[in-house]
Amino acid sequence: MRSSRRTVVTTLSALTLAAAALAGCGSGATSSQASATADDQASATSLSGELTVFAAASLQDAFEELADDFTAQHPDLSVTFDFQGSQDLVSALAEGSTADVLATANTSTMKDATEQDLVGQSTEFATNVLTLIVPAGNPAGVTGLDSSLEGADLVICAPAVPCGEATAKLADELGVTLSPVSEEQKVTDVRGKVESGEADAGIVYTTDAADAGDKVESIALPDNSVVNHYPIAVTKNAAQAEAAQAFVDFILSEAGQKVLQDTYGFGAPASK
């Protein structure tokens, strides 16, 4: 698990803000506005303690940055993550592990969590698509999901994993048969094997390919309709329900969406 926390100094107290507003104008309306401003600032710093977030492995870099931004607004709060395959996160919750927020890389795993009464209402916050990656320099000369993969060491996600479920849909839609040498439990493990050169090719999300930088090369896939939808929800056993909802709201906010889309390459939620 990783913990993310940033502390900021508040330069004006709520009383100072209210007093300044009253000094500027003696009207009742202005007094109400100053009071609202004071209440808003108090609310912004009222969250405290530790928030635990279970999130799909493909969200790691993005969520860690978002947590830094979130805790900058709530300096008394820290965020601890567990980044795993979505199916493992749901299993962990079902087996008694505690978390305040669950974010998965597809709707079917969130549906499993909902049917087991592990989470409340979920909301889609991002989308993602697949790509083919090879190690830098493409030593095996892979050109796509074609005969160039014959004799090459291909790694993909296991079928139970969101990226593996998407890979199976992709292969079916394109009418290709994949012969992987291994099936991994999370997409970051697929990426890691390609980055290290242990594998000649791997199917991952486009966001993972971007995170890998110059360690890999991406090979565009044929046009297809396979898209993974990412939902997020507050868990039913959340010890930090207020902070959990605030975190979910931040992910869905304009600022959160900007980080996900502009910095890390996630697609917008389908509902937007």
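**Group meeting: helix packing, loops and the disulfide**

Let us begin with helix α5, whose buried residues are T109, M110 and A113. Those three span an arc of only 100° around the axis and therefore sit on the same side of α5; the arc is that of the directions from the helix axis to the C-beta atoms. "Buried" here denotes under 20% relative accessible area, "exposed" over 50%, and "partly exposed" whatever lies in between, with a 1.4 Å probe and protein chains only. On the other side of α5, K111 and E115 are exposed.

A word on the source: this is a predicted model, in which local features need pLDDT of at least 70 and side-chain atom pairs count only at pLDDT 80 or more, while totals for chains, interfaces and linings use all residues. Residues are numbered from 1 along each chain as its sequence is written, and side-chain values use heavy atoms, with hydrogens and water left out.

The protein chain has 10 helices and 11 strands. Helices (H or I, at least four residues) and strands (E, at least two) are DSSP runs, numbered from the N terminus. Of the 272 residues in the protein chain, 47% are buried. Among contacts between residues at least 6 apart in sequence, 80% join residues at least 24 apart, where contact means heavy atoms within 4.5 Å.

To return to α5, what covers its buried residues? The cover includes α4 (86-94), β4 (101-103), α6 (162-174) and β11 (228-234).

I shall take α4 from that list. Two packed helices are described by the angle between their axes and the distance between the axes. The axes of α4 and α5 come within 9 Å and cross at roughly 5°. Axes are lines fitted to C-alpha atoms, for helices over the stretch in contact, and angles run from 0 to 180 degrees between N-to-C directions. The two helices, α4 and α5, are therefore roughly parallel to each other. For the cut-offs, angles under 35 degrees count as roughly parallel, over 145 as roughly antiparallel, 65 to 115 as roughly perpendicular, and the rest as oblique. S86, Q87 and V90 of α4 make the contact with T109, D112 and A113 of α5. By class, this contact of α4 with α5 has 2 nonpolar, 3 polar and 1 charged residues. Ala, Val, Leu, Ile, Met, Phe, Trp, Tyr, Cys and Pro count as nonpolar, Asp, Glu, Lys and Arg as charged, and the others, Gly among them, as polar.

Within α4, the residues S86, Q87, L89, V90, A92 and L93 are buried. Their cover includes β2 (49-56), β3, β4, α5 and α6. Just after α4, G96 adopts a positive phi of about 110°.

From α9, F250, I251 and L252 meet E254, A255, G256, Q257 and L260 in α10. The contact of α9 with α10 has, by class, 5 nonpolar, 2 polar and 1 charged residues.

Now to the loops. D117 lies in the loop between α5 (107-115) and β5 (123-128), and at 48% relative accessibility it counts as partly exposed.

N138 is another residue other than glycine with a positive phi, near 45°. It is found in the loop between β6 (130-135) and β7 (154-157). Is N138 buried or exposed? N138 is buried, with a relative accessible area of 17%.

H74, in the loop between α3 (60-73) and β3 (77-84), is buried as well, with a relative accessible area of 8%. H74 and S46 stand 28 residues apart in sequence, and their C-alpha atoms are 7.2 Å apart in space.

Finally, the disulfide. A disulfide is a covalent bond between the sulfur atoms of two cysteines. In this model the term is applied to a pair of cysteine sulfur atoms within 2.5 Å. How many does the structure hold? It holds 1 disulfide, formed by C157 and C163, with their sulfur atoms 1.7 Å apart. The link of C157 and C163 is left-handed, with -95° about the S-S bond. Both C157 and C163 are buried.
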